[in-house]
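Student: Before we go through this protein, could you show me its sequence and model?

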Amino acid sequence: MQTNRREFLIHASAGIALAAMPTALAVKQTARNRWRAVAFDAFVIFDPRPAFALTESLFPDRGGELNALWKTRLFEYTWLRTLSGKYADFPSVMTDALAYAAKSLKIDLKPGQKKDLLDSFFSLKSWPDALPALRQLQGMSIKLGMLSDFSAAMLAANLKSSGLDGCFDHVLSTDRVKAFKPDPRAYQMGIDAFKLKRAEIVFAAFGAWDAAGAKSFGYNTFWVNRLGTVEEELGTPVDATGEMSGLVEFVSK
């Protein structure tokens, strides 16, 4: 009887240990997959350099300063329109900012030139490191989204021209909420689309101001600092910065 009892206890203990194993593995797997989704700003994926190079080819002596003022005024207009409740889609704001920049610099911008410059932002290609990183993240069962000020039409056109159709689980334009980043309504789109907690989402930013905005909203923020600029002095340091390979490494931790 004592032997039987001993055998029973041995087998019972083994059964308990085996039953506990999936739970332990699940905990380990959950810890390893701390992040469940990455939301990208469009410029982290799409390379705008050829579009800006077109400006310099059209205006060899003034292209650099036209680009600089155009970009500055573009984002200032997105912020002003959001604050004033006068939303217009990104191509419209781009058009207004370009017109302002040309007038301010006294550059004679012909209608055909303006059309070519604006159209160039509908046929962008991806950065060389974008697709390999996206594939790696997909291999880690990470959900992917694009969360951008680009209009829905711009996003669709650039995904097609870059060959990235179907790479993203969600393609989110601020057209949906009529508010540009860094308005909280824009960043909230990621939480609503993924149906995750913000602590489970990493936001991949291109601009320093967007990195600061996403961090202030509460996202874990990785800054893909492709231009080598400095971080904003807004008291919202990003969680990490680096190249796309660094983003993959960050998410894998």
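What follows is a short exchange on strands and a pocket.

Tutor: This is a predicted model: local features need pLDDT of at least 70, side-chain atom pairs count only at pLDDT 80 or more, and totals for chains, interfaces and linings use all residues. Residues are numbered from 1 along each chain as its sequence is written, and side-chain values use heavy atoms, without hydrogens or water.

Student: Why is strand 4 called largely enclosed by the rest of the structure?

Tutor: Buried means under 20% relative accessible area with a 1.4 Å probe, protein chains only. Five of the six residues of strand 4 (residues 143-148) are buried, so the strand is largely enclosed.

Student: What makes strand 4 and strand 5 a pair?

Tutor: Two strands (DSSP E runs of at least two residues) pair if DSSP finds at least two bridges between them. Strand 4 and strand 5 (residues 170-173) have four, in the parallel sense. Gly145 stands opposite His170 in strand 5. From strand 4 the chain crosses through helix 8 (residues 152-161) to strand 5, a right-handed β-α-β crossover. Right-handed means that the path runs clockwise from the first strand over the helix to the second, with the strands pointing away from the viewer.

Student: Which residue of strand 4 is the bridge partner of Ala37?

Tutor: Lys143. Strand 1 (residues 37-40) also pairs with strand 4 in the parallel sense, over four bridges.

Student: What is the volume of the largest pocket?

Tutor: About 740 Å³. Volume here is the space filled by probe spheres set on the grid points. Helix 4 gives the largest share of the lining, eight residues.

Key. Buried means under 20% relative accessible area, exposed over 50%, partly exposed in between (1.4 Å probe, protein chains only). On a 1 Å grid over the protein atoms alone, a cavity is a set of points where a 1.4 Å probe fits but cannot get out, and a pocket is an open set with protein on both sides within 12 Å along at least five of seven lines; lining residues have an atom within 4 Å of a point.
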